[in-house]
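Dear colleague,

I am passing on the structure below, and after it you will find notes on what turned up when I went through it. Please read them alongside the coordinates.

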Amino acid sequence: MAPGSKSGPALFLGLELATDQLRASIVDESLELIGVECVDFDTELSEYQTQGGIFTTPGDAYTTPVDMWVKALDFLLEKLSRNYDLTRIKSIGGCAQHAVVWWKSTPIPSFPALDPRLPLHSQLPPNTFSLANTPVSQDTSAHTHALAVEALLGGPDIMASRVGTCANASILAAQLLRIRESWTSDVWARTGKVQLASTFFASMMVGEWVNMGEAEACATGLWAHAGGQGGPAQGHWDEGVLEIVGGSREEGRRIRGWLGEVDVASGRKAAHVSRYLCERYGFEPDTIVTPFTSDYLSGYLSLCPSPGDAVLSLGPMDTLLTPAQHYLPTRLYSLFPHPAQDTGEKRRYIAMLTSRNADVPRALVRDMYTKSWSAFDRLVAIVPPGGSIGLDDKLFSFWLLQGDSYPLSHVKGIYRFETGIKVNEFRDLRANPRCLLESQVLSFRVRWSRMISTGVLGSHITRNRGNVQTPGPSPITSSAPSTRASSLGLPFDPYDHSPLPARMLVTGAAANFPSVANLVGDVFNAPVFMPSTQVDSAQVVPHRNAPAGGFPSRGSLGGAYFARWIWGKERSSTSGGSGAGRGLGGFEEEIRRLHGKRWVASGGMPLRTNVNGPLSGNGGSGANSGTSTPYGHPRSGLGTTILAEEEEDEVEEMERNGGMLNASVFAGGFADRDLGRDVSRMRTLTGSTVDTTTSAGSGVPSTTFTTPDLGAGGASPGANGGAVAPQTTSLTPVTAMPTADSEAQIGLAKVAEADVDAFMTYAAIVPEYCRLESMLCKSLV
């Protein structure tokens with residue numbers, strides 16, 4: 001990348017610690033993209049021998065070396081100082097994956113003193129941390145411990161009412177309990193402080209301990225928020241949960257000391273950048289460091305969703321986030337305080353639905369039934385909704401390879417249903433890719449409707465907002481909805497689209513498939529928008545959650561936007577309210593104002609989507625979610641890489657054979673019943689969908705984190721026993737449709753339209769889906 005200008009207006013830096021990379025994006029005062037840098041863990045820090053930035057072991061354990069993060073920060077800051085004038089950076093924001101850093105008691109209570117003549121990693125060696133390799137967000141080894149905490153608290157409803165979330169493997173409470181019960185006692189005894197990865201990185205930038213933000217605290221399963229009716233006047237660490245996790249009241253108090261205080265005011269600076277960074281890399285001493293947050297909340301901030309919007313991220317863990325007006329915690333969803341709000345404004349929240357069974361099942365189905373993403377996308381497109389043309393013989397599948405959150409926390413395995421009866425395999429194998437995706441999207445659609453009924457999103461959410469146009473009500477939906485819902489045995493009317501999101505804002509590699517984007521629009525009967533950065537990045541590398549080189553990640557952009565907002569607020573307060581540093585409005589309102597101002601000044605020019613990024617001949621309009629990993633360049637050691645997509649001959653072969661694949665796909669006794677019985681081993685084999693490289697120059701396939709090609713059919717044996725390279729076709733990713741100015745100016749591109757007829761088809765499927773899901777939850781199948 002050509003060095004940036006060494007003088008000029010203010011710049012704002014956003015950092016993101018993802019699973020596979022440490023990323024940085026730089027924007028100017030008008031939020032125009034100025035710079036992008038990243039450090040890829042596998043290729044640039046190969047001495048750690050990670051795959052996709054992580055280690056795995058048989059089972060559900062996914063860990064990463066903390067020391068690698070520290071060294072990556074050295075590398076990233078070196079790149080930034082080489083290419084940009086860091087004296088122009090006025091504010092720094094950031095985010096990180098949901099992980100935990102365990103400090104030894106040695107550097108406590110003060111943050112380690114740092115010598116600017118030496119790099120960070122030489123002053124914070126691995127023995128600084130009591131747990132050198134920490135679990136990351138994909139890790140599910142603490143799932144049983146999360147369920148144990150939930151049971152001891154009295155069940156999912158009581159746990160949610162106390163700490164805002166029910167059991168899941170990522171909560172800090174479960175991780176702490178697992179370390180105490182399953183690891184050697186010296187890890188617990190040596191620990192002096194515990195930090196979430198986001199707070200850890202903020203502390204590295206500030207050079208002193210930074211308090212956890214309340215949005216982060218609410219994700220720990222240990223924090224009692226003060227927003228509940230009749231609740232305490234101020235949030236606090238729940239002593240009862242701490243005692244359960246610690247095993248005694250004394251150990252609970254010790255954990256309380258490890259966690260430190262929580263900063264409930266998110267709309268202000270955390271501190272200024274450390275003297276170490278000023279002297280070593282050239283930052284100005286008055287550079288602001290804002291509170292850092294989680295990657296999914298930062299990605300959410302970068303999209304500026306309006307009330308009634310839903311942000312759907314399809315990655316290693318699928319998430320759906322939406323603005324919420326009230327704090328009404330239930331087991332149906334997780335609730336977080338908005339990470340960017342003033343103390344004077346009405347409290348706002350973000351509701352989140354999650355599914356851990358996301359990229360892993362998608363990649364497994366790809367290898368079992370198609371062997372390429374292009375064929376996967378084609379099958380999804382040509383198979384009718386429900387896997388069948390008939391109205392009464394729809395197909396359903398549930399791929400629950402990992403322990404998930406409520407209501408499927410106790411369900412594990414692969415389940416298929418045909419005409420309402422459990423079967424080992426569909427008669428037409430071509431239905432598998434579409435039925436998997438339908439199950440994943442329908443799950444969010446059903447859970448959204450259940451969430452709406454609680455009132456957490458507010459009573460004034462409507463689809464008729466400004467430029468968002470939705471089809472008028474169908475004659476079917478004009479009848480009494482409550483009567484119809486009761487007759488169907490549901491708490492909501494599946495034919496009524498008015499409570500559903502007005503817009504679907506999608507990120508993640510799976511959303512790059514046109515069939516997936518269309519499916520989301522059909523199920524929710526809403527237009528689908530994607531960041532223009534991701535649309536353009538998908539034209540270069542459509543299969544990965546990590547953005548292509550030169551394209552920004554959503555998490556780092558969200559951090560940069562937050563840094564710009566905080567800087568504007570601080571400047572306004574010090575200049576007596578001068579409009580020059582305006583930043584007094586709510587976060588979303590201010591970001592939209594800045595985008596609109598730039599749009600007018602530039603004469604309607606779209607936002608820049610990359611900095612010296614690779615170009616593609618395909619049309620587009622716009623990097624990626626950046627929310628951690630998947631679809632790695634290397635597919636597996638048994639097939640070709642995904643950059644060389646196979647010809648779609650297998651689709652035609654399936655059509656000729658009436659939907660039956662060659663028997664070699666199930667070679668080696670890898671039958672469906674074995675998948676259901678030995679799902680923990682399958683989790684290890686497929687655990688990746690994790691991105692393993694960012695450089696196309698790395699041509700060695702990895703088998704550790706990429707999904708195995710079960711048919712071993714990436715290359716067929718030649719006449720002399722050698723492999724014959726298959727002919728290749730690439731997946732054609734989504735491209736932008738005509739998009740209104742109001743969306744285009746904030747960097748969104750429409751990729752799919754609402755279709756009321758398709759919506760009605762899926763509405764008819766919802767009752768049977770709910771019935772089968774209920775049977776799974778009750779262990780009746």
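Strand 22 and strand 23, the latter covering residues 421-423, pair in the antiparallel sense over three bridges, and in this predicted model the two form a hairpin with two residues between them, where T419 in the turn has a positive phi of about 50°. Within that pairing, R416 stands opposite V423 in strand 23. Strand 22 also pairs with strand 21 (residues 395-400), again in the antiparallel sense, over six bridges, and there S397 stands opposite R416.

As for how strand 22 is covered, six of the six residues in 413-418 are buried, so the strand is largely enclosed by the rest of the structure. In a regular strand the side chains alternate between the two faces of the sheet. Here both faces of strand 22 are covered, with G413, Y415 and F417 buried on one side and I414, R416 and E418 buried on the other.

Turning to the chain as a whole, its secondary structure comes to 26 helices and 28 strands, and buried residues make up 63% of its 781 residues. The chain exposes about 26800 Å², of which carbon and sulfur atoms supply 52%.

Finally, on the cysteines, a search of the whole structure finds zero disulfides. C218 is buried, with a relative accessible area of 1%, whereas C777 is partly exposed, with a relative accessible area of 31%.

With best regards

Methods. Residues are numbered from 1 along each chain as its sequence is written. This is a predicted model: local features need pLDDT of at least 70, side-chain atom pairs count only at pLDDT 80 or more; totals for chains, interfaces and linings use all residues. Side-chain values use heavy atoms; hydrogens and water are left out. A disulfide is a pair of cysteine sulfur atoms within 2.5 Å. Buried means under 20% relative accessible area, exposed over 50%, partly exposed in between (1.4 Å probe, protein chains only). Helices (H or I, at least four residues) and strands (E, at least two) are DSSP runs, numbered from the N terminus. Accessible areas come from the Shrake-Rupley method with a 1.4 Å probe; for residues, only the protein chains shown count as cover. Two strands pair if DSSP finds at least two bridges between them.
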